[in-house]
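The following exercises concern the structure shown below.

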Amino acid sequence: MNPPARFSFCPLLLLALVLATSTGMAQQRHDPAHAHDDEEVVSLDEIVISAPLDRPLYQQAQAASILGGQNLNLAIEPTLGQTLARMPGVSSSFFGPASSRPIIRGLDGDRVRILQNGMNTMDASATSPDHALSFEPSNLKSVEVVRGPATLLYGSNAIGGVVNAIDGRIVDEKLDGTIRGSMGGRFSSVDQGYQSNFMLEGGWKGLAFHLEAFTRAAEDFRVPGNLRTVGEQERNPLPAGTPEPNKIATNSNLRAEGVSGGLSYVWDDGFIGFSWTEFHTNYGSPAEPSVFIDMNQTRLDVRGAFYKPLPKIKEISYRFAWSDYEHVEFEDGMDNTVFKNDGYDFRLEVKHEKVAGMEGVVGFQSERSDFFVAGAEAFIPPTVTESNSLFFFEDITRGPLSFQFGGRYDHIETRSRSNDIFGDARGRQFDNLSGSVGFVYTPNEEYSAAFTITYAERAPTYQELFANGNHVATNTFEVGDFGLGVENSVSFDLNLRKRTGWVTGSVGGYYSRYSGFIGLFPAGFMVDTDDDLIPDTPQFNYRAVDAEFLGAELETTLHLLHPVTADPKPTDTNLHLEFKADAVRARDATTGTSLPRVPPFHLSSALIWERGPFGARLEGIYAAPQDRVAANEFGTDSYFLVNLALSYRLVQGPRTVDFYVKGMNLTNEDAREHTSILKERLPLPGRGIVAGVKMTF
């Protein structure tokens, strides 16, 4: 039996919300101008907060996407990876409904930086695909995805890209005499799941508070047919008389709760605030029917800024995050392995006004992670990783042309602690340099073009250096290499964007060449001499190869009734046809063989209709077959998913209520993510209905 949750919230929030909104419905009116504030299509005028100078999408040198408003509300899934999987260039590491990280342009794990409000999550999600992220998507305001190297601002962990989840837990604006918030709930049929959440914030005389909480639960989800592929059944037949598992993904259930409170003081020339967060989740591992994980994180965030404190200084901002993270893996009800990660992240930025025609930011960042694992699956020794960094970014704009450049220096020290299993302590130090040059050409209000060249360096992680043990979640014996050097890459990125007219969106291509790309490659099988290994456990070694990534991405919308103008006016009826596509080829540059778990070609299209308070979205998602595979990897078949979403918005004064219902995988397609380590044993969920409501006031 799973251990009880540390705390829980009443799942009847949804009922309370319906009752609260029922009053006054007779006087309900619809405001067309308000109804399309969260329009289904993405605007290139949206500001990218995680970018150096808070520029809109069409002025960014790098490829980026933003998911917010009603788009985010309809896209929310239990995991961040599945929530973002429809974005161009983004895939999911799908390890069930509790643990899925985003994969950007075929890169995952430590190469993709997952942030909360610009700060490190400080969990254990990058060490193994069965480890969940330590935050809940349901209370997020928006999610930003920067595709391609973002090492200038966020270090070597961002060599593949950045995902910044923005929740607003620290209020940075005056809310004198204002109370605002939201309540929401949803139910999903495929897993008998429910989720409810609320947020409340307000202020008085410069003081401001923020409170939020959520609860989520789901049972084992249904699948279209057999759990295992035909190939997997042939390679690993079950004992005679054992039925093939089907219809239900055993041990895919989850429970999660969280609460956060923040307090701020805001004045005309700045603000300071903090938030305290408790997060807990308990979920099963679909790979191991007798294993479940119980995770807890306590987190403190502090953030503040001074506006125009000195001549030519636009802003001095600072952020600090501290985390106490632990998760225990239980097998047959007994605690089997414990993972801990205690650490902090500090960041200081100084934004200056134009000096000699240059506007930009300089900054300092310091991080520390104390990682500990003990028990039957301790495949990594206790380690400490510390890094200190300096960075800058400058922008020179002359008419329609912007020239952007920057650099970053990271000093990273990783050392293991001595113990009986892994022996004496060892350590490595790395000095990384990264730089980028970009051009953005905006000839008019309609078009822009961007080109960037980035050189990035990434130090090997403690897992790549020190791993030496049985990793049950991936069914491998992992062996690190203490002598690994710095991984470096040169990347070229070209993006064309159209902001107004009958057709809007972006199209781009990229090429990255890596020297010393660190991967986990097969090296035969372990011999079970100590009776502590799974028979014939495959051994995988971390080693460096030269690699290259070539890809393209498309995100465009055809506006069938009204063109988008520079100063758009609200309209009562809209009809859009949206297309998203991405493709990537990743291979060993020496042998030409593919790297493991490279996403196949994806194409999605959606017809979006809006009329007054009503909205509808009919969507088709196609994934091509993937037969370009690495050694000891199996290909995946194509799939085509059909989804339908209907929404209705009620507005009464400051109160807005959104009702929505979604039909997911309506054809009950057997779909498997090639990027998942479990693709041979776990398909995506089958046909299901999601119904939800959200009130903001």
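**Exercise 1. Determine whether Arg617 is buried or exposed, and identify its salt-bridge partner.**

Step 1. Arg617 has a relative accessible area of 12% and therefore counts as buried; buried means under 20% relative accessible area, exposed over 50%, and partly exposed in between, with a 1.4 Å probe and protein chains only.

Step 2. The side chain of Arg617 meets that of Glu619 in a salt bridge, at 3.4 Å from N to O. A salt bridge is a side-chain nitrogen of Lys or Arg within 4 Å of a carboxyl oxygen of Asp or Glu.

Step 3. Glu619 has a relative accessible area of 5%, so Glu619 is buried.

Before continuing, note the basis of these values. The model is predicted: local features need pLDDT of at least 70, side-chain atom pairs count only at pLDDT 80 or more, and totals for chains, interfaces and linings use all residues. Residues are numbered from 1 along each chain as its sequence is written, and side-chain values use heavy atoms, with hydrogens and water left out.

**Exercise 2. State which parts of the chain the salt bridge between Lys679 and Glu633 ties together.**

Step 1. The closest N and O atoms of Lys679 and Glu633 are 3.6 Å apart.

Step 2. Lys679 lies in the loop between strand E32 (655–664) and strand E33 (688–696), and Glu633 in the loop between strand E30 (614–623) and strand E31 (639–652), so the pair ties together parts that are 46 residues apart in sequence. Helices (H or I, at least four residues) and strands (E, at least two) are DSSP runs, numbered from the N terminus.

Step 3. Lys679 and Glu633 are both buried.

**Exercise 3. Describe the salt bridge between Glu173 and Arg180, and say how many salt bridges the structure holds.**

Step 1. In the pair Glu173 and Arg180, the closest N and O atoms are 2.7 Å apart.

Step 2. Glu173 counts as partly exposed because its relative accessibility is 37%. Arg180, at 25%, is also partly exposed.

Step 3. The structure holds 38 salt bridges. Through shared partners, salt bridges join Arg368, Asp370, Glu386, Glu413, Arg415 and Arg417 into one network.

**Exercise 4. Summarise the protein as a whole.**

Step 1. The secondary structure comes to 7 helices and 33 strands.

Step 2. Buried residues make up 56% of the 697 residues.

Step 3. The C-alpha trace spans about 70 × 60 × 45 Å along its principal axes.
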